[in-house]
Amino acid sequence: MNTTFRSETLHSWDIYAQQLFHHGHGQAIWLPDPDPTAREVQIGDVGWMREGTFLQLFNAMKSEDKQPVLYGVPEEYTPFDPPNLIVSGPQERILQRFLYSRTVREVDVSSGASAGAPLPIPTVSGGASFNFKCGADVGAFLVFSPKSYSMDIESKRHVVNYIRANFTHWLAFADKFGLEKKDQDLFFVCGTTKTSRWARAAFRGQYKKKQGTITADFSSAAGLNLSVSISNQSLPTSSYGAGPTRRARSPTLSTVVSASGSPDAEGVDEPIDQCIFIHYYKVKRRIWGNKVMKAAAGPHDLPSPDPDEGSVDPVAEDDSGSDDEGRSQEYFDPVNELLDYILENSEASIAIASDRDLYALFKDQEFPDDVTAALYELQPSVELDEHGVGTVSAAIDFSKKTTADEPDSAYVPPETTADSSAHPQEGADGPSRLESPTHGGDDEESLRKMITYGAPTSIHDGSVTALTYSADGKYAASGSEDTTIILWDVPTNNPLHKLSGHCDTVSSLAFSRDNEYLASGSNDEKVILWRVQDGQEDRRLSPGVPIHTVAYTPDGSKLIAGAYNGSLIIWETEGYQQLRVITKHLAVITFIVFSPDGRLMATGGTESDCYIWDLETLGQGEPKSVLQGHKGMVCSAAFSPDGNRIVTASDDGSARVWKTETGEALVILHEHTGPVWTVAFSPDGKRVASGSSDSTVKVCDSFSGERIFSLDGHDSMINAVQFSPGGQFIASAASDNTVRLWNAADGSCVATFNEHSDNVTTVLFSPTDGTLVSGSHDGTVRIRPLMTI
């Protein structure tokens with residue numbers, strides 16, 4: 001992968017890391033056992049690699065008195081506990097328990113499993129052998145048992161900001177102990193994959209096209225026993241190993257599960273403390289002459305790159321050095337190549353990158369052997385923030401598994417019992433929300449900020465196409481192009497029911513006023529009513545046309561559906577008898593919204609007109625007024641709190657405020673340079689917010705049209721914008737995969753949520769202001785408590 005690594009100069013641990021990196025799990029750890037002088041490897045660890053072992057310096061997510069090693073902490077130490085931190089897991093992610101390098105061919109498992117399939121490894125007794133053919137002179141294997149579990153920090157921007165602010169203190173702290181570490185020697189661990197027992201091997205020699213055999217014995221409770229032979233010659237013992245080899249078998253230090261994979265079952269108790277892979281961030285600062293640029297320097301602080309002014313190329317004069325064997329560094333790590341790419345292709349004063357960035361960049365192709373060449377061929381863009389920090393633009397997928405098979409529904413252990421409260425866990429019933437502590441303490445205050453928001457990944461198998469809250473904020477529902485609906489309990493952030501009944505995309509959802517029913521509309525020409533209490537289908541309505549949107553009237557007396565052919569279908573909710581079909585619209589009805597006082601309804605869609613309806617006279621089939629003036633489709637609309645005005649968004653690039661009684665245009669806003677997709681009124685009616693494909697949100701005076709401020713920060717089209725019911729916040733969702741929370745008073749960004757891996761299409765505040773929910777093309781729903789903001 002890194003072309004400076006020649007196989008003849010690599011140690012076994014380098015070959016092992018190099019040959020398994022393409023699997024996407026990060027840096028492979030040659031010796032997974034916890035260091036006897038420290039605790040097991042955890043997310044938040046800052047440390048370095050030595051001979052394939054990760055050594056901890058300190059843990060950035062723990063207070064000074066709870067450090068895993070006895071070194072202490074750096075000066076001016078501030079723990080990493082930002083609000084809104086996304087920590088996922090633990091979850092089973094590697095479903096294939098026999099991993100091997102791409103140089104291995106024709107793998108045959110004696111039990112009859114096919115190559116690449118999850119290996120049927122006995123957990124307590126028995127053994128297996130694997131025959132293979134070498135496709136090259138180097139290769140590597142990993143076998144583990146009984147399962148592996150991963151935890152990940154998903155909030156990239158939080159990590160980058162923390163590293164930028166603290167990295168120089170880390171280096172000084174390492175120097176204090178005479179470690180003499182260079183920039184890229186230090187790792188910040190953002191993900192761990194752990195198991196109970198393992199066996200691994202790495203080989204190098206004249207092995208191409210030769211046959212080999214691996215024999216693994218699982219009868220040892222202490223670990224896996226392994227032997228490897230190629231061409232009937234056994235590999236030297238330095239080339240393979242099994243473990244655990246030095247575990248202190250104390251259940252008070254590590255999470256314990258039985259060999260059967262569940263707690264309190266009969267069998268051998270086995271801590272899940274053997275760290276076989278880490279995901280990580282690294283840093284490299286730009287060097288000009290003999291001066292290292294400080295992490296906080298911005299582009300304007302950089303000296304000129306003109307050689308005549310005495311500056312030096314940051315890569316040509318890299319201080320990383322080389323050893324006698326010609327290697328450019330002490331261990332294999334392609335992230336160093338990404339750091340060089342960032343510095344060479346930007347004016348960044350400091351580059352920060354992760355192994356996950358590389359996996360995201362090359363997700364649509366086989367991971368390259370020559371990372372540098374592949375980067376220059378791909379030419380990913382480099383983002384430069386206000387501090388001069390350079391990172392690559394990459395959409396990281398935290399849901400990736402090694403096979404398409406579903407994991408067993410087994411007990412999922414926390415990362416450690418010694419300090420497990422630091423990371424809220426996702427158990428069999430879904431993610432849990434960390435409530436406010438009942439007693440004081442600085443530690444608990446930091447824990448309250450570290451909440452695992454949102455649903456487990458891959459809840460839906462397709463894009464989230466519909467999202468709604470119940471009127472009391474107790475429930476939420478999500479619909480998807482995979483035809484399913486998830487009903488959520490908002491206070492606990494748990495999925496209650498998965499509803500299956502439609503045979504096409506679920507386009508819209510609406511709760512009845514009394515929360516008894518959830519109505520779903522679909523392209524399959526059906527509206528289904530579901531009982532909220534038990535998730536069962538109550539009845540089906542058959543309008544005979546594909547449905548794009550459904551809504552209950554505020555008084556709960558009617559259910560209204562907007563169809564793809566432009567018709568409005570109305571049912572009374574007493575017995576769900578169809579009352580009327582209104583055919584004023586000529587094209588798809590994409591929205592139905594009601595005034596807060598329940599008097600009026602607005603409908604619109606792919607035509608340029610918006611209709612205002614008086615709900616008392618709706619049965620007559622004639623609108624109260626027609627809003628005419630847009631020169632493109634009307635994308636969305638929102639009423640003012642008193643119902644006397646309404647704001648509309650159009651792809652003609654404008655937003656307009658109208659008088660609902662007469663349809664008169666009161667204010668025309670031309671604030672954007674592209675189509676306007678979404679609009680919202682503030683709770684006091686004094687302002688309107690609009691979101692556009694130009695990636696900005698504009699907030700204007702709803703009476704004068706004067707711009708109050710522009711919310712800039714998204715990198716792509718704004719799909720949704722909303723004021724919180726209390727008026728404190730504005731939320732925006734965008735196609736850059738993020739949700740942003742803004743201070744409605746001054747327009748400052750309060751938080752950026754980057755846990756989605758694809759376009760975020762919808763964002764909604766709960767009616768009670770307690771949570772913020774979003775849905776994305778990645779199939780996930782995230783429900784975020786706002787108590788920590």
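1. Helix H1 (residues 12-20) is largely enclosed by the rest of the structure, because 9 of its 9 residues are buried; buried means under 20% relative accessible area with a 1.4 Å probe, protein chains only. Helices (H or I, at least four residues) and strands (E, at least two) are DSSP runs numbered from the N terminus. The buried residues of H1 include Trp 13, Ile 15, Tyr 16 and Leu 20. Among the elements that cover them are strand E1 (27-28), strand E5 (98-100), E8, E9 and E16.

2. This is a predicted model, in which local features need pLDDT of at least 70 and side-chain atom pairs count only at pLDDT 80 or more, while totals for chains, interfaces and linings use all residues. Residues are numbered from 1 along each chain as its sequence is written, and side-chain values use heavy atoms, without hydrogens and water.

3. The largest nonpolar core has 32 residues. Such a core is a set of buried Ala, Val, Leu, Ile, Met, Phe, Trp, Tyr and Cys residues joined through side-chain atoms within 4.5 Å. Phe 80, Ile 153, Ile 163, Trp 170 and Phe 188 touch the most other members. Elements that each supply at least two residues include strand E8 (138-153), helix H2 (156-176) and strand E9 (187-204). H2 gives the largest share, 9 residues.

4. A second, separate core holds 30 residues, among them Ile 29, Leu 339, Ala 351 and Leu 375.

5. The chain averages a pLDDT (the predictor's confidence in each residue, from 0 to 100) of 79, and 77% of the residues score at least 70. Over residues 110-126 the pLDDT is below 50. Residues 401-458 also have pLDDT below 50.

Methods
Buried < 20%, exposed > 50% of the residue type's maximum accessible area, 1.4 Å probe, protein only. Contact = heavy atoms within 4.5 Å.
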